[in-house]
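Here is a short briefing to read alongside the model.

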Amino acid sequence: MQHSFPGYGRYKVSPATETTEQSQNQMEKNSGVRRSVTTGEGRQWQGLRQRWGMLGLFEIKQDHEFYDLTSVMKEGLHAAVQPSVENPPPEEPLMEHFESEETQIHKGFEMQTFAGPVFARLRRSLGMTEEEYQASLSSDGCYLQFISNSKSKANFFLTNDKRFFLKTQNHREVTFLLSNLKAYMDHLEKYPHSLMVRFLGVHSLLIPNQTKKYFIVMQSVFYPDERIHTRYDIKGCEVGRWTNQNSGDSHVITVLKDNNFNGKHITLAEQRSWLMEQVEIDTNFLRRLNVLDYSLLLAQQPLHQDELDGKHSFPNIITCVVKSMDQGDSPIETDPFTVPLPEKDSGQKIARTADGASEHEDTTEHQCINRVPLEEINLHSTTSSPESELQEFHAHHRRLLPDFKNSVHVIDGPEIRYFVGIVDIFTEYSWKKKMENIWKRIRYPGRAFSTVSPSAYCQRFCQWVQNQTR
């Protein structure tokens, strides 16, 4: 079946059915595991939990119901990424790249890749090489099944290093993403530090005698997750937004909701204004796409003492500045930035390359400082002046990114590290949603529920962030 989208070419996609029965069967199996925690099988699951250090992740080994599916995904993704390994993505994607489809035939299945060069360009802008992306998706280690208390009927998988999410999608969601891909890429180009989740690939699988499956690859907002202790899914409303926290053994990752966050705050200090402004920018973009029901994923992680002591040091700030200016640009070979140390702090200069390595360091210990105005940081490059660098910094609403993996989704407060990302952006305000809005207004008079117009949803979402941050 062919579908055409104004300005975006034609995509050949077939309606996909969701694996509801599989999801229900899997949850039943997990329930069985919880009931048998005192048996030998339960002790095996307990050992697995200890090995991964958290709940809700299960290795997909040969006896797992999704082993065959994930094995096919691995093989197909390795081959799908290979063209961009051999041929670097274009600096500026053309319309033909947005419309591109590539079908690769394997033994026993076919994999289709949509807009491959476009997503390769996005991965590159994140400082990610195609080799490391390919290695993560097709490593020898098995995929992990992610099980949470989410109501989603999709299947969630994680790569073995937990860096990338793979999520099954239905036909409508894939159609929506592809038809709005150009707008999405333009938004990330203009705002490289956007909180929007990064989609890194869209694919389909066709296995004989099975329904065609679609799935997307995303950068995990909660990466790395070893020290995360609390997770929230925030929509800015109250109806149905409470999660009972598990008190006993469980193999489900509990994701808390809006009402669980009552009485708490996101403490960011000077970064509060940036967060509020960026949420407003991102949600207004979704409003223009007629989207609602998206979520703010939020996780918390206490900062260790050494992180607290080091994050305000001058060398760390220099590294953050260089990282912040590079994020969103293609990692190409250029002369390294040279950042002189202000004379008031030292008589010598520290020249730092783009990877943060120092060419020369003064042995004098630098005092910790709270903030260094960007005007005092002189970034020399072969193509731009410090003034133009600063103008570009503000024009694209950048911030000082932490020297941390997955930095676009990480914001450090005075004592807490927050992982923040906007996800689930596929729900349009269709006539069905309008009817649902009317029904809920009757059912929940005077209360805040999720199904409202995109404008109202955007305004309420931003208001929640404003009220809950300080």
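Gln104 is found in strand β4, where strands (E, at least two residues) and helices (H or I, at least four) are DSSP runs numbered from the N terminus. This is a predicted model, in which local features need pLDDT of at least 70 and side-chain atom pairs count only at pLDDT 80 or more, while totals for chains, interfaces and linings use all residues. Residues are numbered from 1 along each chain as its sequence is written, and side-chain values use heavy atoms, with hydrogens and water left out.

**Around Gln104**

- Gln104 counts as buried, at 16% relative accessibility; buried means under 20% relative accessible area, exposed over 50% and partly exposed in between, with a 1.4 Å probe and protein chains only.
- A polar atom of the Gln104 side chain lies 3.1 Å from the backbone oxygen of Ala79.
- Beyond residues up to four places away in sequence, Gln104 touches Gly76, Ala79, Ala80, Pro83, Phe109, Glu110 and Met111 (contact means heavy atoms within 4.5 Å).

**The sheet**

- Eight strands make up an open, antiparallel sheet in the order β3-β6-β7-β8-β10-β9-β5-β4; two strands pair if DSSP finds at least two bridges between them.
- The edges are taken by β3 (57–59) and β4 (101–106), each with a single partner strand, so one side of each has no neighbour in the sheet.
- On average, neighbouring strands of this sheet are turned by 25° against each other, direction ignored.
- Helix α3 (residues 67–86) lies across β4, β5 (109–114), β7 (156–158), β8 (164–169), β9 and β10, and runs at about 50° to β5. Axes here are lines fitted to C-alpha atoms, for helices over the stretch in contact, with angles from 0 to 180 degrees between N-to-C directions.

- Strand β9 (residues 199–206) is joined to β10 (residues 213–219) by six bridges, and the two run antiparallel. Leu205 has Lys213 as its bridge partner, and His203 stands opposite Phe215.
- The β9–β10 hairpin has six residues between its strands, and Asn209 in the turn has a positive phi of about 70°.
- β8 also pairs with β10 in the antiparallel sense, over six bridges; Lys167 has Ile216 as its bridge partner in β10.

**Core and aromatic pairs**

- The largest nonpolar core has 97 residues, and Leu137, Leu166, Phe199, Leu275 and Tyr294 have the most contacts inside it. Such a core is a set of buried Ala, Val, Leu, Ile, Met, Phe, Trp, Tyr and Cys residues joined through side-chain atoms within 4.5 Å.
- The whole structure contains 14 aromatic pairs; rings of Phe, Tyr and Trp (its six-membered ring) pair if their centres lie within 6.5 Å, with planes under 30 degrees apart counted as stacked, over 60 as edge-to-face and the rest as tilted.
- The rings of Phe146 and Phe165 have centres 5.3 Å apart and planes at 90°, so the pair is edge-to-face. Phe146 lies in strand β6 (residues 144–146) and Phe165 in strand β8, so the pair ties together parts 19 residues apart in sequence.
- Phe261 and Trp464 form a tilted pair, 5.3 Å centre to centre with 50° between the planes.
- Phe176, Tyr184, Phe199 and Phe426 form one aromatic cluster.

How values were computed: A polar contact is a pair of N or O atoms within 3.5 Å; within protein, one must be able to donate a hydrogen and the other to accept it, and residues adjacent in sequence count only if both atoms are side-chain atoms.
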